[in-house]
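This report goes through a single protein model, topic by topic. Please keep the sequence and the coordinates open while reading.

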Amino acid sequence: MKLFDHELFFKHFRMLPSKLEELLQWVAPKLTKPAVKRDPVGPEERLCVTLRYVVTGDSQVTISGSYRISQATVGRIIKETSDAIWDTLVEKGFLSAPVQKDQWKKVARGFEEKWNFPHCIGAINRKHVVVQAPANSGSMFFNYKKSFSIVLLAVCNSNYEFTMVDIGESGRQSDGGTFANSNIGQVITNDLCDIRDPCKLDRSTFIASYVFVADDAFPLCYNIFKPYSHINLSLNEIIANYRICWARRTIENTFGIMAARFRIFRRPIVAKVSTVEFITKACVPLHNYLMKDRSSDGASRYCPVRFIDQEVHNRQRDGLWRNCSAT
């Protein structure tokens with residue numbers, strides 16, 4: 001596949017051989033094991049086993065048979081490699097929140113240029129990562145969707161890239177409770193972002209603060225903006241809701257793209273909660289890493305144009321990620 005069938009290689013690993021080799025060079029030092037009684041599984045095979053598992057969503061038994069590695073070893077490889085991917089890609093800067101005022105303003109310019117929503121510095125939402133019912137957990141992880149899950153709370157920019165994440169809260173918590181207990185919630189509600197000064201909107205004298213956009217499940221405060229309630233709305237409020245919803249769709253699309261490309265999120269993950277957290281943590285910077293992979297003409301194999309929601313003549317055209325059979 002590396003040499004003659006890049007299309008099939010992409011379906012198995014969600015990246016071309018050149019990107020896999022680059023990623024392997026980065027993570028190999030963390031995956032190399034010393035030989036004791038027998039030759040260890042090499043870094044390349046460890047990386048391929050983990051990517052095959054998260055991309056296809058196959059069971060560890062199936063992966064074990066494909067690579068002729070014991071199921072117990074496959075489980076350890078997935079956990080260790082996921083941890084290595086997270087550490088390496090975070091060190092490389094593929095998941096980093098803006099820390100300076102100019103960086104926040106760059107994010108805001110992206111939302112204004114792409115979604116006609118000024119002074120937006122991120123879209124917030126949460127995703128339930130469905131798991132097999134953890135042993136002796138009672139109803140701790142049982143959510144309102146009648147499944148067991150842990151929560152991925154995230155903020156993204158206008159390019160469908162994660163900027164801040166909080167992983168591991170039990171699915172039983174409400175959106176508001178998850179937000180209040182998270183580090184992201186503490187940063188936003190305590191105004192720890194380095195962009196506090198309101199300023200004029202472009203082509204206007206109106207002074208506005210920089211805000212995050214969210215849905216009705218999140219609290220309304222001076223730096224979290226959400227739609228008006230759908231009761232007796234004026235024309236201006238209807239237009240505002242339309243623009244807010246389009247800006248907020250970026251986080252929905254970000255989750256959707258990741259779940260469509262890493263199909264482990266399309267079904268309950270059969271693993272310990274700690275392992276599920278490692279897997280989720282690995283997929284977040286991996287998504288950012290692959291979103292930045294574009295050809296010279298700006299096209300992306302990982303996320304083609306029609307893969308995401310689009311605004312066409314003031315109407316929504318659903319992205320292909322919404323199709324359950326999207327690959």
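## Basis of the values

The model is predicted, so local features need pLDDT of at least 70 and side-chain atom pairs count only at pLDDT 80 or more, while totals for chains, interfaces and linings use all residues. Residues are numbered from 1 along each chain as its sequence is written, and side-chain values use heavy atoms, with hydrogens and water left out.

Helices (H or I, at least four residues) and strands (E, at least two) are DSSP runs, numbered from the N terminus.

## Helix packing

Helix α3 (residues 43-56) packs against helix α5 (residues 71-91) at an angle of about 95 degrees, and their axes are 9 Å apart. Axes here are lines fitted to C-alpha atoms, for helices over the stretch in contact, with angles running from 0 to 180 degrees between N-to-C directions. The two helices α3 and α5 are therefore roughly perpendicular to each other (65 to 115 degrees; angles under 35 count as roughly parallel, over 145 as roughly antiparallel, and the rest as oblique). On the α3 side the contact (heavy atoms within 4.5 Å) is made by R46, L47, V49, T50 and Y53, and on the α5 side by V74, I77, I78, E80, T81, S82 and I85. The residues of this contact of α3 with α5 comprise seven nonpolar, three polar and two charged. In this division Ala, Val, Leu, Ile, Met, Phe, Trp, Tyr, Cys and Pro count as nonpolar, Asp, Glu, Lys and Arg as charged, and the others, Gly among them, as polar.

The axes of α1 and α3 cross at roughly 80 degrees and come within 7 Å. Helices α1 and α3 are therefore roughly perpendicular as well. K11, H12 and F13 of α1 meet C48, L51, R52 and V55 of α3. For this contact of α1 with α3 the division is four nonpolar, one polar and two charged.

## Aromatic rings

A pair of aromatic rings is described by the distance of the centres and the angle of the planes. Rings of Phe, Tyr and Trp (its six-membered ring) pair if their centres lie within 6.5 Å; planes under 30 degrees apart count as stacked, over 60 as edge-to-face and the rest as tilted. The count by this rule is 13 aromatic pairs. In one of them, the rings of F9 and F13 have centres 4.9 Å apart and planes at 45 degrees, so the pair is tilted. Both F9 and F13 belong to helix α1 (residues 6-13), where they are four residues apart, about one turn of the helix. F9 and F13 are both buried (under 20% relative accessible area; exposed means over 50% and partly exposed in between, with a 1.4 Å probe and protein chains only).

For Y242 and W246 the ring centres are 6.5 Å apart and the planes stand at 70 degrees, so this pair is edge-to-face. Y242 and W246 lie four residues apart in helix α9 (residues 235-261), a separation of about one helical turn. Y242 is partly exposed at 27% relative accessible area, whereas W246 is buried at 4%. Ring pairs link W115, Y160, Y242 and W246 into a cluster.

Two arginines lie over ring faces: R249 over W246, at 5.3 Å from the ring centre, and R301 over F10, at 5.6 Å from the ring centre. The rule for a charge over a ring is that NZ of Lys or CZ of Arg is within 6 Å of the ring centre and within 35 degrees of the ring normal.

## Positive phi

Most residues other than glycine have a negative phi. N116, although not a glycine, has a positive phi of about 55 degrees. N116 sits in the loop between α6 (101-115) and β1 (120-131) and is partly exposed, with a relative accessible area of 48%.

Y160, also other than glycine, has a positive phi near 65 degrees. The loop between β2 (148-156) and β3 (162-170) holds Y160, which counts as buried at 7% relative accessibility.

## Single residues

Q60 is in helix α4 (residues 60-67) and counts as buried at 15% relative accessibility. Not counting residues up to four places away in sequence, Q60 touches Y53, Q71, V74, G75, I78 and V270.

I224 belongs to strand β7 (residues 224-225) and is buried, with a relative accessible area of 0%. Leaving aside neighbours within four places in sequence, I224 is in contact with F179, I188, F212, A214 and P219. I224 and G122 are 102 residues apart along the chain, and their C-alpha atoms are separated by 9.6 Å.
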